Amino acid sequence: LMLYGNLGAGKTAFMKVVADMLGITDLVSPAFVVYYEYPIDAYGFKYLYHFDLYRITEESEFDHLGVEDVVVPGNVIAIEWSEKSGPIDGLLRERGRVIEVHIEHGGGDIRNINMVGLPENMTLA
């Protein structure tokens with residue numbers, strides 16, 4: 001999941017809903033640590049890796065994240081601030097199904113969410 005949206009758009013709130021669906025009840029923003037790993041025992045998944053690239057300022061920082069080690073079958077990768085994912089974008093798209101989640105303020109508590117790349121047989125209710 002590649003999440004796009006301005007500061008405060010609701011990316012982490014969206015991820016809390018996804019995490020809850022996967023049986024994870026303690027998801028927190030990884031803004032200060034860059035990522036968290038959560039074990040999953042649902043839908044055949046093994047781990048959720050929740051990245052937040054907000055504080056990444058130089059491409060060399062991606063060398064230390066180990067993304068190539070976690071983009072494997074059975075893992076769910078979620079990246080907030082995907083606008084900054086340039087150095088790993090190709091890897092993500094080559095090794096997995098990428099779903100882009102674009103979140104915008106719609107006024108007040110309203111958020112407009114546009115998802116690109118969902119499988120055709122998947123519907124959201």
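1. In which helix do Asp89 and Arg93 both lie, and how many residues apart are they? Both are in helix H3, four residues apart, which is about one turn of the helix. This is a predicted model, and the points below should be read that way.

2. Salt bridges. The structure holds two of them. Asp89 pairs with Arg93, with the closest N and O atoms 2.9 Å apart. Arg93 also meets Glu100 through its side chain, at 2.8 Å from N to O. As background, side chains of opposite charge can pair when their charged atoms come close.

3. Cover around that network. Arg93 counts as partly exposed because its relative accessibility is 37%. Glu100 counts as buried because its relative accessibility is 18%, and the cut-off for buried is under 20%.

4. Strand S4. This strand spans residues 75–80 and is mostly covered, with six of its six residues buried. Both faces are covered. On one side sit Asn75, Ile77 and Ile79. On the other sit Val76, Ala78 and Glu80. In a regular strand the side chains alternate between the two faces of the sheet.

5. Partners of S4. Strand S3, residues 47–52, runs parallel to S4 and is joined to it by six bridges. Within S4, Ala78 stands opposite His50. Strand S1, residues 2–4, also pairs with S4 in the parallel sense, over two bridges. Here Met2 has Ile79 as its bridge partner in S4.

6. Main core. The largest nonpolar core has 19 residues. Those with the most contacts inside it are Leu1, Leu3, Met15, Ile24 and Leu48. Helix H1 (11–21), S4 and strand S5 (100–105) are the elements that give two or more residues to this core. H1 supplies the largest share, four residues.

7. Met15 in detail. Leave aside its neighbours within four places in sequence, and Met15 is in contact with Leu1, Leu3, Leu27, Leu48, His50, Ala78 and Glu80. Ala78 and Glu80 in that list are on one side of S4, together with Val76. His50 is the residue opposite Ala78.

8. Second core. A separate core of 18 residues is also present. Val34, Phe51, Val67 and Val70 are among its members.

9. Backbone angles to check. Tyr43 has phi near 60°, a positive value in a residue other than glycine. Its place is in the loop between S2 and S3. Tyr43 counts as exposed because its relative accessible area is 67%. Trp81 likewise has a positive phi, near 65°, and is a residue other than glycine. Trp81 lies in the loop between S4 and helix H3 (86–95). Trp81 counts as buried because its relative accessibility is 15%.

10. Surface patch. Val28, Phe32, Val33 and Tyr36 make a nonpolar surface patch of about 390 Å². Tyr36 belongs to strand S2, residues 35–39. Tyr36 counts as partly exposed because its relative accessibility is 30%.

Definitions and conventions:
Residues numbered from 1 in each chain as written. Predicted model: local features only at pLDDT ≥ 70, side-chain atom pairs only at ≥ 80, totals over all residues. Heavy atoms only, no water. Patch = residues over 30% accessible without salt bridge, like charges linked within 9 Å, V, L, I, M, F, W, Y side chains within 5 Å. Areas by Shrake-Rupley, 256 points an atom, 1.4 Å probe, with all protein chains shown as cover. Salt bridge = Lys/Arg side-chain N within 4 Å of Asp/Glu carboxyl O. Buried < 20%, exposed > 50% of the residue type's maximum accessible area, 1.4 Å probe, protein only. Pairing = 2+ DSSP bridges. Core = buried A, V, L, I, M, F, W, Y, C linked by side-chain atoms within 4.5 Å. Contact = heavy atoms within 4.5 Å.
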